[in-house]
Amino acid sequence: MRLSENSLWGYNNKDIDARRTNAIFNWFGSRGNALSMAQAMENIKNDDSIRLVDVRSPEEYRDGHIPGSISIPLDQLSRIEQLIPDKNATIYAYCHSGSRSGMAVGALGRMGYTNAKNIGGIMSYRGQLAR
């Protein structure tokens, strides 16, 4: 096998970067269950059954949140089973930057929720915040 500056042990560097990126998403638990904030907001406009969950701290939620969202901090995520008992419900999770919501989506999957999506962080939300 011949190595070049653009490959490592026979793998193309782009392949290695894609594997590294996927590993990072798997570490945070999102496993590809991500959706852009803009697309999520468009979907919510057209489907009022979508549940929007803010997994930030109660203090962060009080400082401003997306209208219509419910607060379930990441460390209290098990409460979701009482608030959203339908395991097939469409759930969009967000936090400040997308990391905690990625972990939440992974945990929701392990809890049996089949349609949870990480829509990233409130930093990318362009609408008016509720307080």
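View 1. The protein chain has five helices and six strands. Both are DSSP runs (helices H or I, at least four residues; strands E, at least two), numbered from the N terminus. Their order along the sequence is β-β-α-α-β-α-β-α-β-α-β. The protein chain has 131 residues, and 36% are buried (buried: under 20% relative accessible area, 1.4 Å probe, protein chains only). Among contacts with a separation of 6 or more, 65% join residues 24 or more positions apart (contact: heavy atoms within 4.5 Å).

**View 2. The largest nonpolar core.** This core holds 16 residues. A nonpolar core is a set of buried Ala, Val, Leu, Ile, Met, Phe, Trp, Tyr and Cys residues joined through side-chain atoms within 4.5 Å. V53, L77, I80, I84, I91 and L108 touch the most other members. β5 (91–95) and α5 (99–110) each supply at least two residues. The largest share, four residues, comes from α5.

**View 3. A second core.** This separate core has eleven residues, including A40, M41, L52 and Y94.

**Notes.** Residues are numbered from 1 along each chain as its sequence is written, and side-chain values use heavy atoms, without hydrogens or water. In this predicted model, local features need pLDDT of at least 70 and side-chain atom pairs count only at pLDDT 80 or more, while totals for chains, interfaces and linings use all residues.

Definitions and conventions: Buried means under 20% relative accessible area, exposed over 50%, partly exposed in between (1.4 Å probe, protein chains only).
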